Amino acid sequence: MDCIFCKIDKGEIPSEKVYEDDDVFVIRDIDPKAEKHYLMIPKRHYKLIDEMTDADAAALMRGLRKIPSLAGRLGLDGGYRLVINQGDDAGQSVFHLHVHILGGQPLDFPDLKK
Ligand code: AMP
């Protein structure tokens, strides 16, 4: 499958993996949009929330619930923001669902209507 995140999971493309379990892995984003920017990526390939099964949702939730215990090691003690970009309007560029984890600095909340 020609998916960059599947290739990263298999070690075919190098990445800085900072966490991994049976459900998800977490890598440092190659083009950080905040002082700390990671991606939590489910191991099973699916593109969008629409394609998520109940088992996928449970697996991702287990992954999300690990974040508080990783926060200190990842420099996210001050808080963090989780973002899922879905589709073109959101600017999704990799079509393997993933959660951005952003932090390491105060994050403003842009008014996107402007
Ligand atoms: P999105 O635009 O929401 O689909 O997010 C895709 C993210 O993947 C972007 O923030 C990219 O910087 C990141 N990305 C793309 N290729 C790599 C890579 N090889 N290693 C780490 N992050 C990547």
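This is a predicted model: local features need pLDDT of at least 70, side-chain atom pairs count only at pLDDT 80 or more; totals for chains, interfaces and linings use all residues.

Author: Residues are numbered from 1 along each chain as its sequence is written, and side-chain values use heavy atoms, with hydrogens and water left out.

H98 sits in the loop between β4 (80-83) and β5; helices (H or I, at least four residues) and strands (E, at least two) are DSSP runs, numbered from the N terminus. With a relative accessible area of 7%, H98 is buried, where buried means under 20% relative accessible area, exposed over 50% and partly exposed in between (1.4 Å probe, protein chains only). Its side chain reaches the backbone oxygen of H96 at 2.7 Å, a polar contact (a pair of N or O atoms within 3.5 Å; within protein, one must be able to donate a hydrogen and the other to accept it, and residues adjacent in sequence count only if both atoms are side-chain atoms). Neighbours within four places in sequence aside, H98 is in contact (heavy atoms within 4.5 Å) with F5, L39, M40, I41, P42, V83 and I84.

S93 lies in the loop between β4 and β5. S93 is exposed, its relative accessible area being 65%. From S93 to E16 there are 77 residues in sequence and 19 Å in space, C-alpha to C-alpha.

Another histidine, H37, lies in strand β3 and counts as buried at 3% relative accessibility. The side chains of H37 and H100 are joined by a polar contact of 2.8 Å. Not counting residues up to four places away in sequence, H37 touches I27, R28, D29, D31, P32, H100, I101 and L102.

A nonpolar core is a set of buried Ala, Val, Leu, Ile, Met, Phe, Trp, Tyr and Cys residues joined through side-chain atoms within 4.5 Å. The largest such core has 16 residues, and V26, Y38, M40, L74, L76 and I101 have the most contacts inside it. Two or more residues of this core come from each of β1 (17-20), β2 (24-28), β3 (36-42), α3 (67-70) and β5 (99-103). Apart from it lies another core, of nine residues, which includes C3, C6, F25 and I27. Leaving aside neighbours within four places in sequence, the contacts of I101 include V26, H37, Y38, M40 and L76.

F25 belongs to strand β2 and is buried, with a relative accessible area of 0%. Among the residues in contact with F25, those within four places in sequence aside, are F5, L39, M40, I41 and P42. F25 and I41 are 16 residues apart in sequence, yet 5.4 Å apart in space, C-alpha to C-alpha. K17 lies over the face of F25, 4.9 Å from the ring centre; a charge sits over a ring if NZ of Lys or CZ of Arg is within 6 Å of the ring centre and within 35 degrees of the ring normal.

Over residues 4-114 the chain is 20% helix and 23% strand, with its end C-alpha atoms 33 Å apart.
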